[in-house]
Amino acid sequence: MLYKEKQIKEGIKLHLIQNERFKTNLIAIFLSLPLERETVTKNSLVPMILRRGSKNMPTQEEISKQLENMYGAIFDCGIEKKGENHILKFYLESINDEFLPEDNGTILQKSIDKLLEIVFNPLIENEGFNKQYVEQEKINLKQIIEGRADNKSRYALDRCIEEMYKNTKYSLYKYGYVQDLEKIDEKNLYKAYKKIIEECTVDIYISGILDEKIIKYVEENSNLKNINNRKSKIKKYEIEKETEKQENIIFENLDVNQGKLVMGLKVPIQEEEKQYDTIIYNSILGGSANSKLFQNVREKASLAYTANSNYIRMKNTICINCGIEFANYEKAVEIIKAQLEEMKTGNFSEEDVENSKRGYIAAIKSIEDEQDTEIMYYFGQEFTNIKLDIKGYIDMIEKVKKQDILEIAKIVKIDTIYFLQDGSIENN
Amino acid sequence: MQIIQNLKVKESLYLENLENGLTIMIIPKKKVQKKYIIWGTNYGSNDSKFIVPGENNVTEVPKGVAHFLEHKMFEQENGRNSLDVLTDLGVNANAYTTNDHTAYLYECTDNFYEALDEFMDYVQHPYFTDENVEKEKGIIGQEITMYDDYPEWKVYLNTLEAMYHENPVKLDITGTIDTIKDINKEILYKCYNTFYVPSNMAMVICGDFEPEELLKEIKKRIIKQDKKGEIKRIYPEEPETIVKEKIVQKMDVSRPLFNIGIKVNNFSSLSSKEKVRKSIMMQLILNLLFGESSNLYKQLYNNGNISYLPVMDFEFSKTYSHVLISGQSNNPEELYENFKNEIKKMKSQNINQEDFERLKKTLYGEYIKEYNDVTDIARMFLVDYFKDVNTFEFIEQVSNINLEEIYQTLEDYFDESKMVLSIVKA
């Protein structure tokens, strides 16, 4: 595996990942922008318009047919929130030339061309996007936003984070807001698109069996040549100031059969290096089958099937998730709080620490075995101040000691307890 | 070991049938870090009525035993839980149950053989007590309630309910809170002793291995046991007809979810190769009918009925086979009618040769892509093994399917009287 970066223009970077393990080439384009209330809805609508048609492939049917002819190349796009950044993601996956039944040898180049075409050369009519596409996709986006509560576990997690970061940009919903849609039309959305393309930070990843000739090929792509230098506006990871806040308890009612309990913790570390200690702290708390949460909430008390925790590194936040019977709310909260106390008093062994590290390191070593995970790993590095390759990452985890985890345990604070319960239960 | 090479995808399968009846499949992958092993028994939620070898009476057990057993297999006599032991070794272990099989697995980068000790030990050593069985009822109860909140799961179960009169595939794999109440350790031991025998099991390993060396290590860890007779499984007689054409359930969803099911009869009697060919044809037909470049998709997308491509699959096991199409729609009834019309049109010989050739290429690419990840590869070989098909055969057959066969399959399997529609809406 070989990783190489090449700045094409200011704010536009090409990343090559030469990895011969896969049958496929994966190309990804990420456009990163600051997450803002004013632009969040338009940003999330843009990829939905772009996938409908480009200048040279003006309909979705045309795009599909061309990709199908390339042995089923697959286009995908999406929206992500990374700290206070809004990321527009575009992917194209195609099989590597080595596995084509006939020698045609150009699938990789074609894939690069197609993806750049979809992102940077849209279908334009009268200084705007296609009106029909915009009207249709506004309805589709509205449905996505309104469908937010369809997956109740995911919704509970989103809502807890929203409560934790109330009145900050991080609480924005990545797909935006229904009330914004009314004012959007094909003209002002195209304007917004042009501004995105002028200002966003562009990262292009190419992973697969490839050689460095591909750099030149990308540089000479006319769609890329046409765009200008830009100053990157992305917000890198930064330490947040500690704020005094009471434990916030939120009950919400929806039509659910099982209560979804989410507990949001803040980890106010003051140095970025402490993130590695937090990773292992989280792993012992709720990151595996051996964790305190799994063992105590699930195995000992039989209260839940799901009992785990996740660490959101960009925000130094840990979210604990449990699915429980409504009536077991108090009991579950009590057991979870007891686990946080156990962590604080150091009621875990050196062996627990070593075991957790081992599990986490195995996951790091597997990064190179999954093409999209590997791309996301390197993309994540664009937002941190410490740059690490896979080996460096493993070294940092190796260094974590029990004492370091105790330091984390001492500063962890419950910020918000969120409980989603059945509509018929009264709140007090 | 028998070596089966595939030149198209450039992978090889090392196959061994041990004397005790266990099948072992190894797919070596050079230079990858990840190692994956999965050990399955051909025993799933459908197998609740059977005759234990050597007995005369029929045994019938509560619904949900196979899944319950899967949860309890990790418990060990020394008081430790094997899942904990494996996790301590830095490996990622898990297990799952389907209609027709139960599987235990782990994924790791280091400590493969240390983990293999524990893994093969626990699968061969059940330890059930009244206490540990009771405790699990609370956990599985919450697993069942969790599924109650998944509209995708409800709309799927209702589709099966509409298609099948008797076939147990229509029941929840987990059982219900009521049926699991009756499960006890005696029942678990009986099912374990019946179905967890080498001749009913298969193991697949994928990663950077020397196959012969790995095989030796596996053999060392196998506990000798006498070969048992054949297990007689009793499945209810299933009529060819559907139960009812439509089921609608109310749930708190923002937009209706739908499943279209098409019941396919007489599939299990086909030869292994025919099963592969037919399922390729089914996938091709579905893509022609309702794929990303189809007229139907374009039409329904443009009139706002759907906003993304439904998932379309042909599913089969030894005891059932059906088409499933699932997605979200603002008007599932209209979509269903349009879909049926499209089938009628296609039956009147209107498949475009160019579309057909293009979609064959697409499917070829899809089959190649399935060999990217050791996890996917191992799982695919196990699942196909329990269906009696050879995984490589898909890549081999896809290019030589012809249009005439497609029309025949369309006529045989896309029978309007075997179609059902399931809807979940607010």
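This dialogue goes through several features of a predicted model and how to read them.

Visitor: What conventions apply here?

Guide: This is a predicted model, in which local features need pLDDT of at least 70 and side-chain atom pairs count only at pLDDT 80 or more, while totals for chains, interfaces and linings use all residues. Residues are numbered from 1 along each chain as its sequence is written, chains are lettered from A and ligands numbered from 1 in the order in which they are written, and side-chain values use heavy atoms, with hydrogens and water left out.

Visitor: How many aromatic pairs are there over all chains?

Guide: Rings of Phe, Tyr and Trp (its six-membered ring) pair if their centres lie within 6.5 Å; planes under 30 degrees apart count as stacked, over 60 as edge-to-face and the rest as tilted. By this rule there are 48 aromatic pairs over all chains. One of them joins B:Y43 and B:Y196, whose ring centres are 6.4 Å apart with planes at 75 degrees, so this pair is edge-to-face.

Visitor: Why does the pair of B:Y43 and B:Y196 tie together parts that are apart in sequence?

Guide: Helices (H or I, at least four residues) and strands (E, at least two) are DSSP runs, numbered from the N terminus. B:Y43 is in the loop between β4 (35-41) and β5 (49-51) of chain B, and B:Y196 is in the loop between α7 (185-195) and β9 (201-207) of chain B, so the pair ties together parts 153 residues apart in sequence. Both B:Y43 and B:Y196 are buried, where buried means under 20% relative accessible area, exposed over 50%, and partly exposed in between (1.4 Å probe, protein chains only).

Visitor: Which kind of aromatic pair do B:F128 and B:Y189 form?

Guide: B:F128 and B:Y189 form a tilted pair, 4.7 Å centre to centre and with 55 degrees between the planes. B:F128 is in the loop between α3 (112-124) and α4 (130-148) of chain B, and B:Y189 is in helix α7 of chain B, 61 residues apart. B:F128 counts as buried at 3% relative accessibility, whereas B:Y189, at 27%, counts as partly exposed.

Visitor: Where does a lysine lie over the face of a ring?

Guide: A charge sits over a ring if NZ of Lys or CZ of Arg is within 6 Å of the ring centre and within 35 degrees of the ring normal. A:K315 lies over the face of A:Y170, 4.9 Å from the ring centre. In chain B, B:K387 lies over the face of B:F316, at 4.6 Å from the ring centre.

Visitor: Which residues of helix α2 of chain A are buried, and why do they line one face?

Guide: An α-helix has 3.6 residues a turn, so residues three or four places apart point the same way. In α2 (residues 60-69) of chain A, the residues A:Q60, A:E61, A:I63, A:S64, A:L67 and A:E68 are buried. Down the axis of α2(A) these residues fall within an arc of 160 degrees, so they line one face of the helix; the arc is that of the directions from the helix axis to the C-beta atoms. Their cover includes β4 (74-82), β5 (85-95) and α3 (107-120) of chain A, together with α10 (295-302) and α12 (353-369) of chain B.

Visitor: What is A:Q60 in contact with?

Guide: Contact means heavy atoms within 4.5 Å. Leaving aside neighbours within four places in sequence, A:Q60 is in contact with A:R51, A:R52, B:E292 and B:Y297. A:Q60 is buried, with a relative accessible area of 14%.

Visitor: How many cavities of 30 Å³ or more does a search of the whole structure find?

Guide: Rolling a probe the size of a water molecule over the atoms shows where empty space is left. On a 1 Å grid over the protein atoms alone, a cavity is a set of points where a 1.4 Å probe fits but cannot get out, and lining residues have an atom within 4 Å of a point. Grid points are joined across faces, edges and corners, and a volume is the space filled by probe spheres set on the points. The search finds 6 cavities of 30 Å³ or more. The largest cavity holds about 80 Å³ of space, and its lining includes B:W39, B:Y192 and B:Y196.

Definitions and conventions:
On a 1 Å grid over the protein atoms alone, a cavity is a set of points where a 1.4 Å probe fits but cannot get out, and a pocket is an open set with protein on both sides within 12 Å along at least five of seven lines; lining residues have an atom within 4 Å of a point.
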